[in-house]
Amino acid sequence: MRLTTLLVGFDSAWTSTNAGAIVAVLNLHDGSYHELGPPQIVDYPQAEDIILKWQSEFAPTATIVLLDQPTIVKNPTGQRPVENIVASAVSLRFGGMQPANTSREEMFGTEAPVWPFLTRFGGPADPLEPAVDTRVFETYPVLAIISLLWTLPCSRIVGRLPKYNPARKKTFSSEDWQHVCKCISDEFRTRGLTEIVRWIDDAARKASPRKSDQDGVDACLCLLVALYLAEQKDCLLVGDSQTGYIVVPHGADLRAELEVRCNKTGRLPSEWVRVFRLATNA
């Protein structure tokens, strides 16, 4: 992007009693990046304050926030259409996807913390509209891992998702943790983001990482999606702006798989799975 853009990855807190993590960089007019520090542990009000502080200090032309939490939830029960499409790919790789609906009061009810955050920054963005001012897009680290082919070998051809959540002690794998950290670190290293790389590499060496470490890693994954958007790389838009969507880097294998799922569920693939590049006014 030609103009200075604030790129933010926010692995959200989901509820008012939990914390997540946030990390950001500035994408300068010449295409280079300026780092703003390693991931920070935050709740929703703290995340809002930090983004506003960055905007005040650096006066970016646009701000792009990739948020790991549904931003459009209108269904009172069950799954959103985007989850119905994506969940099969996640399940095939031995993962699970939580449904988003308004009956889950703490996360998506009228008093959920995600709504005032979105209101403060212009509401859920339409990925097909130009990125100006502040735009918040929904992403999903698990789907990004699939699209980037970061799954691990197993009995299934598509592989399995890494088990890198330290809060799940029975299934957590230190090797999987190091794998995810290395994949993300390599992406940031190629872009010269040395401070974030140092944080990720330090996290990878921890014998017993904490959930807050994983939050920071997932925030970096969200930021990576923002980098793909800013660099005008092909991305994948699954869902729609009426019922909810997810944005991740484009992966040809994932796209084909999701198109098959659309056909099986009576949906027109071209309306639910799209390859796009973020439009700008630059």
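A nonpolar core is a set of buried Ala, Val, Leu, Ile, Met, Phe, Trp, Tyr and Cys residues joined through side-chain atoms within 4.5 Å, where buried means under 20% relative accessible area with a 1.4 Å probe, protein chains only. What you have open is a predicted model, where local features need pLDDT of at least 70, side-chain atom pairs count only at pLDDT 80 or more, and totals for chains, interfaces and linings use all residues. Residues are numbered from 1 along each chain, and side-chain values use heavy atoms, leaving out hydrogens and water.

**Stop one: the core.** Select Leu7, Val86, Ile184, Phe188 and Leu229: in the largest nonpolar core, of 67 residues, these touch the most other members. Another core lies apart from it, with 22 residues, including Leu36 and Phe121.

**Stop two: Val86.** Leaving out residues up to four places away in sequence, Val86 touches Met97, Tyr140, Leu143, Val238, Ile246 and Leu258; contact means heavy atoms within 4.5 Å.

**Stop three: two helices.** Show H2 (residues 81–92) and H9 (residues 252–264), whose axes come within 9 Å and cross at roughly 125°. Axes here are lines fitted to C-alpha atoms over the stretch in contact, with angles from 0 to 180 degrees between N-to-C directions. Among the residues making the contact are Val86 and Leu92 of H2, plus Leu258 and Arg261 of H9.

**Last stop: Thr15.** Is Thr15 buried or exposed? Buried, with a relative accessible area of 5%.

How values were computed:
Buried means under 20% relative accessible area, exposed over 50%, partly exposed in between (1.4 Å probe, protein chains only). Helices (H or I, at least four residues) and strands (E, at least two) are DSSP runs, numbered from the N terminus.
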